[in-house]
Amino acid sequence: MLKLRVREIAEAQGVSDPVALAGKAGIAYATAYRLWQGKLGSDDRGVGVLLLYRVSRALGVKLSELVVEESGPWKPALIAA
């Protein structure tokens with residue numbers, strides 16, 4: 001299972017909330033809020049690699065630092081019909 005570390009990394013750099021993250025990364029607040037909550041996706045929305053890349057550049061970290069793999073059963077974040 002994958003876990004986002006966006007909030008953890010952003011807070012360590014002084015980005016205090018999703019509003020500040022949205023401004024810094026140039027993304028919509030709703031998207032920044034989902035990332036801040038650690039949500040990788042749902043039935044209707046996923047998180048794209050290019051979006052995560054944009055956030056990683058804004059935070060000055062590698063893309064791979066934003067995502068960690070946790071042990072447990074694998075479940076896809078988005079199921080294509």
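Student: What does the protein chain average in pLDDT?
Tutor: This is a predicted model, where local features need pLDDT of at least 70, side-chain atom pairs count only at pLDDT 80 or more, and totals for chains, interfaces and linings use all residues. Residues are numbered from 1 along each chain as its sequence is written, and side-chain values use heavy atoms, leaving out hydrogens and water. pLDDT is the predictor's confidence in each residue, from 0 to 100. Of the residues, 80% score at least 70, and the chain average is 85.

Student: Which helix has the highest confidence?
Tutor: Helices (H or I, at least four residues) and strands (E, at least two) are DSSP runs, numbered from the N terminus. The lowest mean, 82, belongs to strand E1 (residues 2-4). At the other end, with 95, is helix H2 (residues 18-25).

Student: In what order do the elements run from the N terminus?
Tutor: Start with the inventory: 4 helices and 2 strands. Reading on from the N terminus, the order is β-α-α-α-α-β.

Student: Which residues of helix H3 are buried?
Tutor: Buried means under 20% relative accessible area, exposed over 50%, and partly exposed in between (1.4 Å probe, protein chains only). What covers the buried part of H3 includes E1, helix H1 (6-12), H2 and helix H4 (49-59). Within H3 (residues 29-36), the buried ones are Thr31, Ala32, Arg34, Leu35 and Trp36.

Student: How far apart are the closest N and O atoms of arginine 7 and glutamate 11?
Tutor: A salt bridge is a side-chain nitrogen of Lys or Arg within 4 Å of a carboxyl oxygen of Asp or Glu, and that rule gives 2 of them. Arginine 7 and glutamate 11 both lie in helix H1, 4 residues apart. Arginine 7 is partly exposed at 38% relative accessibility, as is glutamate 11 at 42%. Their closest N and O atoms are separated by 3.3 Å.

Student: Which residue does glutamate 8 meet in a salt bridge?
Tutor: Glutamate 8 is partly exposed, at 46% relative accessibility. Its N to O distance to the partner is 2.9 Å, and that partner is arginine 5.

Technical notes: Contact means heavy atoms within 4.5 Å.
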